[in-house]
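Biologist: Could you put the model up, so that we can go through a few places in it together?
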Amino acid sequence: KPLFPRGQNGTCTKTKVAVLGAGMTGIAAAQTLHNNSISDFIIVDVNDYIGGRVKHTNFGKDANGNPYVVELGANWVQGLVSPGGPENPIWTLAQKWGINNTYSNYSSILTYDQTGFVDYSSYFDDYNNAYSVLEQEAGTILTQNYQDRTMRTGFSIADWKPKKDVQKQAVEWWNFDFEYAYSPEQSSQTWAVVNYNTSFYQYSEANNFVWDQRGYNYFIQGEASTFLSPNDTRLHLSTNVTSITYTNNGVTITNDDGSCIEADYAICTFSLGVLQNDIVSFTPALPAWKQTGIEGMQMGTYTKIFLQFPPSSDGTYFWETPTADTQFYLYADPTERGWYPVFQSLTAPGFLPDSGIFFVTVVSAQSYRAEQQSDDATLAEVMAVLKKMFGEENVPEPIDFLYPRWSTESWAYGSYSNWPPGMSLETHQNLRANLGRLWFAGEATSAEYFGFLQGAYFEGQAAGNTIAGCINGNKTECKNEASYEVIRGCTTSERQLTPNNGWFVSSMETYGF
Ligand SMILES: Cc1cc2nc3c(=O)[nH]c(=O)nc-3n(C[C@H](O)[C@H](O)[C@H](O)COP(=O)(O)OP(=O)(O)OC[C@H]3O[C@@H](n4cnc5c(N)ncnc54)[C@H](O)[C@@H]3O)c2cc1C
């Protein structure tokens, strides 16, 4: 049942600000407007709940037959607070709303391959040693304006070369792909490190896992309830935006039920995946510079696959031998990197001990595969891996099985964004930049916290503040975002297309065609 039912409006409704999307960004933006004494806004979302990619579902059942609640989307508070220093606003809000969460102990991990338990945990140190070289170099690249490169290049230079060793690959996946939803080949060295540092060095290195049975989005709904009344007519849920017309004077939004909104300003918080898949039509068509920003950033997919198992006769679960305390189980597949690599126990102390819930995460190509195939096909693959890890005879049939399809979800088209190698800050800024009275905000528009809830939160606030400034006549706040018509590719002062640099035949000329 929606927290706030949708208002009835068959005709164009007029408002000062249309906030498109009721996820973290949209709610942060609307709250900022409210805090700046602007109450004339409308929030629109295709879903029937507040929270967007902070989404939960019922799964399995407890001893009384009641379902558990598991998070399909965001699950952790990532980076908490540094002593006497800045605090992650998501951590502040999670505490404010009493969100149940437990420290994820990333050292509580056992390592496996196709023969079962094999201790290759010494590779964790090797990875970390290489990473500390790589992160220093990322700082040099950024501050000296050197050319960006892939994480893979950075790792190889730091002498981390896992290509011939599947166990090392599993360790790398656990440390890298599990966070960025992309491989080191597909990620920028500079910006992966920026992204890590701004959350985990600025706040803290802790990731706290949310297992609140009200759902993680309880805190977003809570924040919404501080400025929206129950049944608030400014909240239009279950409303699918199909087109946006923008000018320097206003924005018109049309929905698939024929209703429309005429707004002085609008903030589009739709995911990067939605923008990339042409779900919404823009009039006039998006300029080329805007498209470079939208298509330049990349949208990752991260899929959690949930299983609930029955306990053994002694009341324990098969992964709890020798101890129920372990939180993570890493699997190195002999042939496929990232093949059902990280299992997570929700029966570990501090989570949902009696739940029997064990889940595995895949990303990127393995996500697309799993999300395209049937539940049965995926279940068979997961079960085959579990039997290799824990022994054929020890793994019973699960009682329940479920996973979302983020890559094909029409209101998200992916999970969260990642910075590809070589993309400049200016290209990214083109994703952020406004078009006339239409602003863009979301986790993906955050140069520092892309992928994280804090990115969504800060970007929502920023757009809200700018627009509030315009409405309230505050000239310092009210400004257009920078955008770049041309993005230069050369890191030297002039392009050196000469034989000195191995450039012998012009690729711009055709001979005999
Ligand atoms: C699987 C997964 C795991 C994650 N893990 C974490 C984590 O552990 N920690 C963390 O900090 N972050 C995590 N994230 C990222 C986090 O969820 C996002 O950064 C954040 O929720 C994005 O908020 P947003 O408001 O920018 O976008 P969204 O939440 O996507 O909000 C945009 C809203 O727009 C709506 N919308 C889209 N298209 C239309 C349309 N045409 N008409 C009307 N409405 C539309 C959508 O329904 C949605 O509600 C994860 C995300 C996923 C998917």
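Biologist: Which helix is Thr25 found in?
Modeller: Bearing in mind that this is a predicted model, Thr25 is found in helix α1, which covers residues 24-35. UniProt, in an unreviewed entry, lists Thr25 together with Val241 under "binding site".
Biologist: Is Thr25 buried or exposed?
Modeller: Thr25 is buried, because 36 other C-beta atoms lie within 10 Å, where 20 or more are needed for that label. Not counting residues up to four places away in sequence, Thr25 touches Thr269, Ala441, Gly442, Ala456, Glu459 and Gly460.
Biologist: And where is Val241?
Modeller: Val241 lies in strand β11, residues 241-246, and Val241 is buried too, with 26 other C-beta atoms within 10 Å. Leaving out residues up to four places away in sequence, Val241 touches Leu20, Val44, Ile253, Asn255 and Val280.
Biologist: Which residues touch the most other members of the largest nonpolar core?
Modeller: That core has 131 residues, and those touching the most other members are Val17, Ala18, Leu20, Ile253, Ala266, Ile267 and Ile467. Helix α13, residues 453-471, supplies the largest share of the core, with 10 residues, and at least three residues come from each of domain 1 and domain 2.
Biologist: Changing topic, what do the buried residues of α3 pack against?
Modeller: They pack against α4, α5 and α6, and the buried residues in α3 are Tyr123, Ala130, Tyr131, Leu134 and Ala138.
Biologist: How far apart are the end C-alpha atoms of α3?
Modeller: They are 34 Å apart, which agrees with the 33 Å that its 23 residues should span at 1.5 Å a residue. After α3 comes Asn145, whose phi is positive, near 55°.

Note on methods:
Residues are numbered from 1 along each chain as its sequence is written. This is a predicted model: local features need pLDDT of at least 70, side-chain atom pairs count only at pLDDT 80 or more; totals for chains, interfaces and linings use all residues. A nonpolar core is a set of buried Ala, Val, Leu, Ile, Met, Phe, Trp, Tyr and Cys residues joined through C-beta atoms within 7 Å. A residue is buried if 20 or more other C-beta atoms lie within 10 Å of its own, exposed if 12 or fewer, and partly exposed in between; C-beta atoms are placed from the backbone. Helices (H or I, at least four residues) and strands (E, at least two) are DSSP runs, numbered from the N terminus. Domain bounds come from an automatic or database domain assignment. The expected span of a helix is 1.5 Å times one less than its number of residues. Two residues are in contact if their C-beta atoms, placed from the backbone, lie within 7 Å. UniProt positions are given in the numbering used here, feature names are shortened, and annotations may be inferred rather than shown by experiment.
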